[in-house]
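I opened the notebook today to look at rings, charges and helix packing. Here is what I looked up, entry by entry.

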Amino acid sequence: MNLSLRVAFIAAMLLTLLSNSARADDTPPVAVAKGIRKVLMPRRQKLDGILTVHDNTLFVQCINRPEALDLRCEAAGLEGEPWLHNVLTAERQDRLITLGFKPETTYGNFVRILPRSIKPAKMAEIILGVLTEIYGADVDNISALADWLPAGPCHPRIKALHDRGGSIATPRWGFAVDVGPGCRIVTNTNAMNYDEPDAATPGPSAQDDVDLDARYGAAISSQIERLAAARQTDDIWAIFDAGTPYVQCAPDPGDNKIYCEAASDDAVGAPIARLLTTERRQKLIAAGFEPPGKVMNFRRFYPLDQYDAAAIAHALLAVLHDSYGYNGTPAMRLKTEVGDETPL
């Protein structure tokens with residue numbers, strides 16, 4: 001995957017962390033009900049109300065058009081976010097359909113129409129139930145974004161295969177670079193970010209291995225210390241690029257933790273799929289990384305009261321070696337928020 005895409009993933013990761021850390025005192029049911037009353041109940045001439053309720057990339061998004069007789073809600077689909085296959089099993093899709101959310105091919109989401117007469121508390125219950133019971137969202141991490149957009153027959157959407165793919169872009173939801181040129185999404189799950197030839201990727205031999213801790217441990221530890229010391233800084237991160245695989249980290253501004261992601265085939269495509277065998281994937285999960293679902297990469301938090309910088313650096317290098325077969329070749333490179341890619 002090219003560097004610009006990796007930076008976009010880091011930006012999305014930071015937005016996720018910040019949105020979760022800047023929560024109001026309201027509980028999710030109260031916050032969602034408030035959002036419903038703010039943008040879904042009133043009719044405003046020439047304005048469409050959009051409510052986005054989410055836990056990371058898991059979302060339910062509802063739209064209030066001034067001329068419409070009903071309210072339309074969409075739940076995230078596989079066409080926009082293919083990595084949801086780890087979450088949205090066939091059984092859960094059936095349950096979602098039973099709840100009235102039907103597949104809709106134009107946007108790749110599941111759609112339910114709700115009457116305008118519905119009570120905000122009841123609508124909040126439906127939305128939160130879908131996110132927690134079907135998508136497995138963490139209720140404590142659910143946020144609600146209420147926005148008004150100029151009314152129109154359709155709104156630009158975030159492109160498929162991007163974080164939040166298939167959803168309506170609003171000022172606080174998504175990034176401009178991820179927004180498609182029209183108001184539909186074009187899906188092609190066989191044409192993900194395949195930046196490398198579709199050829200066998202040779203695995204490392206034992207004699208090729210170098211001591212990754214000796215070569216890179218101190219440099220990565222120094223970056224982790226930098227992240228930990230700047231936990232209140234909004235835009236700070238580091239990508240440790242090992243050629244095809246990579247890990248990327250940022251401080252969690254809401255807690256005393258470092259948040260890290262490891263590359264998935266959902267994000268990168270065939271180059272990672274060839275490396276991340278079933279056995280290696282299990283090693284990654286055993287190392288504490290949650291499979292793609294809430295985000296398109298594997299992810300985990302390292303509490304700083306349990307891991308010092310050196311321990312996190314060691315853990316990340318072990319992940320690159322054990323789960324991706326990285327043996328020190330090619331030389332690792334570093335990308336941060338302050339400049340271009342440099343040797344690590």
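**Entry 1: the ring rule.** I count rings of Phe, Tyr and Trp (its six-membered ring) as a pair if their centres lie within 6.5 Å. I keep in mind that this is a predicted model. With that rule in hand, I find that Phe289, Tyr302 and Tyr307 form one aromatic cluster.

**Entry 2: the pairs.** How many aromatic pairs does the rule give? I get a count of 4 aromatic pairs. One of them is Phe59 with Trp173, an edge-to-face pair at 6.0 Å centre to centre, with 70° between the planes. I filed it as edge-to-face because planes over 60 degrees apart count that way.

I then looked up where the two partners sit. Phe59 belongs to strand E2 (residues 58–64), while Trp173 is in the loop between strand E6 (143–150) and helix H5 (212–229), so this pair ties together parts that are 114 residues apart in sequence.

**Entry 3: a tilted pair.** Next I checked Tyr259 and Phe301. Their ring centres are 4.9 Å apart and their planes are at 55°, so I noted the pair as tilted. Tyr259 lies in strand E9 (residues 257–262) and Phe301 in strand E10 (residues 298–303), so the pair links parts that are 42 residues apart in sequence. For accessibility, I wrote down Tyr259 as buried, with a relative accessible area of 2%, whereas Phe301 is partly exposed, at 27%.

**Entry 4: charges over rings.** Which ring has the charged end of Arg157 over it? I found Tyr107, with that charged end 3.4 Å from the ring centre. I also came back to Tyr302, a member of the cluster in my opening entry. Arg300 lies over the face of Tyr302, at 4.0 Å from the ring centre.

**Entry 5: a helix pair.** Two packed helices are described by the angle between their axes and the distance between the axes. I looked up both values for helix H3 (residues 90–98) and helix H4 (residues 120–134): their axes come within 11 Å and cross at roughly 165°. That makes H3 roughly antiparallel to H4, because angles over 145 degrees count as such. I noted the crossing of H3 and H4 as right-handed. Which residues make the contact? On H3 they are Arg92, Arg95 and Leu96, and on H4 they are Val130, Glu133 and Ile134.

Conventions
Residues are numbered from 1 along each chain as its sequence is written. This is a predicted model: local features need pLDDT of at least 70, side-chain atom pairs count only at pLDDT 80 or more; totals for chains, interfaces and linings use all residues. Side-chain values use heavy atoms; hydrogens and water are left out. Rings of Phe, Tyr and Trp (its six-membered ring) pair if their centres lie within 6.5 Å; planes under 30 degrees apart count as stacked, over 60 as edge-to-face and the rest as tilted. Helices (H or I, at least four residues) and strands (E, at least two) are DSSP runs, numbered from the N terminus. Buried means under 20% relative accessible area, exposed over 50%, partly exposed in between (1.4 Å probe, protein chains only). A charge sits over a ring if NZ of Lys or CZ of Arg is within 6 Å of the ring centre and within 35 degrees of the ring normal. Axes are lines fitted to C-alpha atoms, for helices over the stretch in contact, and angles run from 0 to 180 degrees between N-to-C directions. Angles under 35 degrees count as roughly parallel, over 145 as roughly antiparallel, 65 to 115 as roughly perpendicular and the rest as oblique. A crossing is left-handed if the near helix is turned anticlockwise from the far one by less than a right angle, and right-handed if clockwise. Contact means heavy atoms within 4.5 Å.
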